[in-house]
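Colleague: I have the model open and a few things to ask. Can you walk me through it?

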There are 2 protein chains.
Amino acid sequence: MKNCIVAQSGGPTVAINASLAGVIDGVIKSEKFDKIYGSVHGIQGVLKGEFLDLTQSSSKFIQELAKSPAMYLGSCRFKLPNMEDGKDTYDAIFDCFEEMNIGAFFYIGGNDSMDTVDKLSQYAKKIGSDIKIAGIPKTIDNDLVVTDHTPGFGSAAKYIATSMREMAYDTYIYDIESVLIVEIMGRDAGWLTAASALARTEFSEAPHLIYLPETNFDEDEFIEDIKRLLPYKKNVIVAVSEGIHDKDGNYISATSAVADKFGHAQLSGTGKYLENLVSSRVGVKVRSVEINVLQRSAAHMASKSDLDEAFELGLMAVKFVENGNSEFMTTIRRTSNEPYSYEISHSPVIDIANKAKSVPREWINEAGNDVTEDMLTYLKPLVMGEVQLSYVDGIPSYPNINHLTS
Amino acid sequence: MKNCIVAQSGGPTVAINASLAGVIDGVIKSEKFDKIYGSVHGIQGVLKGEFLDLTQSSSKFIQELAKSPAMYLGSCRFKLPNMEDGKDTYDAIFDCFEEMNIGAFFYIGGNDSMDTVDKLSQYAKKIGSDIKIAGIPKTIDNDLVVTDHTPGFGSAAKYIATSMREMAYDTYIYDIESVLIVEIMGRDAGWLTAASALARTEFSEAPHLIYLPETNFDEDEFIEDIKRLLPYKKNVIVAVSEGIHDKDGNYISATSAVADKFGHAQLSGTGKYLENLVSSRVGVKVRSVEINVLQRSAAHMASKSDLDEAFELGLMAVKFVENGNSEFMTTIRRTSNEPYSYEISHSPVIDIANKAKSVPREWINEAGNDVTEDMLTYLKPLVMGEVQLSYVDGIPSYPNINHLTS
């Protein structure tokens with residue numbers, strides 16, 4: 001029987017270890033495969049010969065792994081060379097596969113990782129290798145094409161909406177006009193920022209304004225939006241993507257600087273920049289918050305449906321490979337919004353790698369300062385369900401990752 | 001029977017509504033008091049006549065209230081004038097008390113709020129009023145004297161430690177040297193930053209360095225600490241109080257600016273400043289994260305022991321008043337670390353108002369870049385236990401606060 005290798009790549013999410021757990025579980029239970037090796041630090045582990053044998057993983061470990069943040073196997077930001085220029089690299093990888101008697105290689109990642117899956121697939125075909133190459137999606141940015149959504153996105157969305165709601169409560173307490181600006185990840189796609197709309201309730205409309213990178217951001221219109229809302233909302237709460245830009249494509253951040261009261265240029269992120277803008281042009285109390293890496297690492301607020309799907313996408317990748325498939329990425333096909341239902345399928349990775357999915361313009365309102373009901377309908381199922389964590393001494397406990405830190 | 005007023009003041013915490021719930025529960029069940037009114041926006045609600053009648057609160061509402069973030073009654077940053085200068089203000093307050101047949105006034109807050117409790121106590125004594133004035137502590141900063149700790153601190157500590165652990169997992173994934181700097185609230189007291197040490201496990205020492213405002217911060221020593229650790233830790237994670245300062249008392253933040261690569265002065269918070277410092281003097285990948293208001297509003301990660309104590313401190317304030325006490329703040333007296341036990345008591349508010357409790361120097365290591373075991377022993381019981389929230393559509397649901405926003 002042949003063995004398998006699994007690796008993780010790109011930025012971390014709360015769900016990527018759930019897909020790893022799915023692959024491990026699938027291979028352990030497979031009657032067609034023997035061992036499952038984890039390549040440490042993505043494809044680089046293959047090149048360096050750094051592996052963990054995960055075949056003896058207990059079901060308890062697999063369960064705990066599925067609920068843990070970041071990447072148990074570590075990551076890399078390594079782009080495979082073109083086949084023409086990088087024959088040595090490809091040969092090294094496939095020599096390693098042969099030495100280890102590998103029948104399938106599973107790569108869990110986002111856009112760039114699917115480029116690796118695609119290139120390895122092409123190379124396998126070229127050299128007549130029958131090693132199966134499979135991609136499993138993950139990215140908090142939700143910007144992979146073909147699949148309805150990506151693992152990691154739902155949990156990040158749940159964390160963002162929860163934090164937005166809690167920050168709204170925090171903001172409402174004073175009887176004075178104020179503005180809160182929350183900067184959310186997403187340089188090119190606004191999915192995560194859009195998810196902040198899930199914070200709304202029948203008695204709290206926060207965020208009152210939402211700006212995504214899919215439309216052009218106009219500073220004057222933004223200031224007008226704030227001034228229009230302040231008199232009757234009192235506390236105006238704004239969600240903004242880090243990647244918003246003006247009509248010429250210039251990012252609204254460090255590049256355009258506001259001078260502070262001492263005449264010093266104030267350079268900073270998008271939220272900080274808008275904070276200074278509101279402060280100088282509206283003159284009310286204003287604060288900016290950058291949620292930062294918390295939105296992609298907060299396993300304590302994971303979406304159960306997200307982790308369940310991520311696990312399935314890993315598990316099903318093994319099944320698809322067992323059935324002879326290769327050169328694919330597993331995908332989620334939504335079959336119904338309410339009640340939510342979906343199917344796990346697979347699509348040629350060549351149709352997915354190096355492409356990006358933006359928020360459709362029709363899911364953004366005309367003024368470009370909010371999302372539509374269609375967006376909320378899309379988002380709602382993805383944040384459903386809570387995950388029961390293990391706590392030790394009051395703090396969530398996650399698997400030992402000594403192999404990464406020592 | 002007389003009625004009671006309860007109000008909240010100062011900055012929000014995750015536990016202050018639990019104390020409010022305790023007071024409401026105590027008065028509803030009291031045989032000595034009739035109605036319980038909530039004064040909206042602190043003592044200003046008394047001056048403006050803005051009250052909510054909370055007497056009919058259901059036990060379900062009280063339970064939900066106890067788990068909700070920020071301040072149900074809203075807050076104010078209003079300092080009562082001295083008795084000599086502000087006779088009109090005091091007369092207005094006590095006239096209102098008389099009109100509403102008030103027997104006791106409960107004020108939940110931090111340092112400044114205890115100043116209000118003290119002043120109202122003194123004034124009541126001066127005019128021979130028998131209205132009981134009681135303070136109930138809350139502050140994430142944990143800097144009130146006499147009480148072992150303050151409600152809100154344990155939950156913020158739990159959130160900080162959890163987030164720190166998750167961010168450490170997030171940081172460890174790349175096989176390159178890097179520094180993560182996490183800026184935590186606390187301008188004058190380092191309790192919250194110290195709590196980040198609870199993130200440590202047997203296999204993750206993050207945060208590797210902890211700097212509190214109770215010692216002087218030396219930039220050269222900081223850079224040496226980083227350089228010393230990087231070669232064998234690879235990813236160095238730093239927790240730093242927003243209020244760290246040099247030996248002359250100057251804050252390490254905006255005031256001392258680093259120029260960026262374009263020669264522009266880079267002005268910002270403590271974390272951002274240190275990020276630039278490490279970037280220019282160590283030259284490794286570096287990121288700073290400011291946890292910001294999330295640490296005081298994240299009810300989804302509340303400490304059960306914190307909320308339980310906060311509730312008791314409110315409930316017992318009613319009992320102490322029923323027994324004839326006034327001019328006090330309820331306090332927590334720790335009677336044992338392991339197993340953790342405590343008593344709810346009360347102390348004269350005059351001994352508490354306008355004082356601040358710093359981290360003892362002996363709970364900080366000699367080098368001033370870590371905390372000691374004594375600190376951990378102190379902290380551990382305060383983050384114990386998890387709170388079961390109500391979720392609607394996947395997001396935590398909290399009480400309607402329309403009365404604050406409309």
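Modeller: Keep in mind that this is a predicted model. In chain A, 18 residues of domain 1 are in contact with 15 residues of domain 2.

Colleague: Where are the bounds of domain 1 and domain 2 in chain A?

Modeller: The assignment for chain A gives domain 1 as 2–152 + 300–355 and domain 2 as 154–297.

Colleague: And how far apart are the C-alpha centres of the two domains of chain A?

Modeller: Those centres lie 35 Å apart.

Colleague: Next, the nonpolar core. Which residues touch the most other members of the largest one?

Modeller: A:Phe106, A:Ala157, B:Phe106, B:Ala157 and B:Val182 do, in a core of 260 residues. From chain A, this core draws at least three residues from each of domain 1 and domain 2. As a general point, nonpolar side chains in soluble globular proteins tend to be buried together.

Colleague: What does A:Phe106 touch, sequence neighbours aside?

Modeller: Leaving out residues up to four places away in sequence, A:Phe106 touches A:Cys4, A:Val6, A:Val23, A:Ala134, A:Ile136 and A:Ala317.

Colleague: Over to chain B. What is the strand order in the open sheet of seven strands?

Modeller: The order is 3-2-1-4-5-12-13, and the pairing is mixed. Strand 3 (51–53) and strand 13 (340–348) of chain B are at the edges; each has a single partner strand, so one side of each has no neighbour in the sheet. From one strand to the next, the twist averages 30°.

Colleague: How many bridges join strand 1 to strand 4 in chain B?

Modeller: Six bridges join strand 1 (residues 2–8) to strand 4 (residues 102–109) of chain B, and the two run parallel. Within that pairing, B:Val6 stands opposite B:Phe106.

Colleague: And on to strand 5 of chain B: how many bridges join strand 4 to it?

Modeller: Six bridges there too, again with the strands parallel. One of the partner pairs is B:Ala104 with B:Lys132 in strand 5 of chain B.

Colleague: Is strand 5 of chain B mostly covered or mostly open?

Modeller: Mostly covered, with six of its six residues buried. On one side are B:Lys132, B:Ala134 and B:Ile136, on the other B:Ile133, B:Gly135 and B:Pro137, and all are buried.

Colleague: Why is B:Val146 classed as partly exposed?

Modeller: Because B:Val146 has 18 other C-beta atoms within 10 Å, whereas a buried residue needs 20 or more.

Colleague: Which residues is B:Val146 in contact with, beyond four places in sequence?

Modeller: B:Thr331, B:Ser347, B:Asp351 and B:Ile352.

Colleague: How many bridges join strand 6 to strand 8 of chain B?

Modeller: Seven, between strand 6 (residues 178–184) and strand 8 (residues 235–241) of chain B. Among the partners, B:Ile184 is bridged to B:Ser241 in strand 8 of chain B.

Colleague: Last topic, the contact between the chains. How many residues does it take from chain B and from chain A?

Modeller: It takes 60 residues from chain B and 60 residues from chain A. On the chain B side, helix 6 of chain B gives the most, with nine residues. The elements giving two or more residues to that side include strand 10 (265–266) and helix 10 (294–297) of chain B.

Notes: Residues numbered from 1 in each chain as written. Chains lettered and ligands numbered in written order. Predicted model: local features only at pLDDT ≥ 70, side-chain atom pairs only at ≥ 80, totals over all residues. Pairing = 2+ DSSP bridges. Helix = DSSP H or I, 4+ residues; strand = E, 2+ residues; numbered from the N terminus. Core = buried A, V, L, I, M, F, W, Y, C linked by C-beta atoms within 7 Å. Buried ≥ 20, exposed ≤ 12 C-beta atoms within 10 Å, placed from the backbone. Domains from an automatic or database assignment. Contact = placed C-beta atoms within 7 Å. Axes fitted to C-alpha atoms, helices over the stretch in contact; angles between N-to-C directions.
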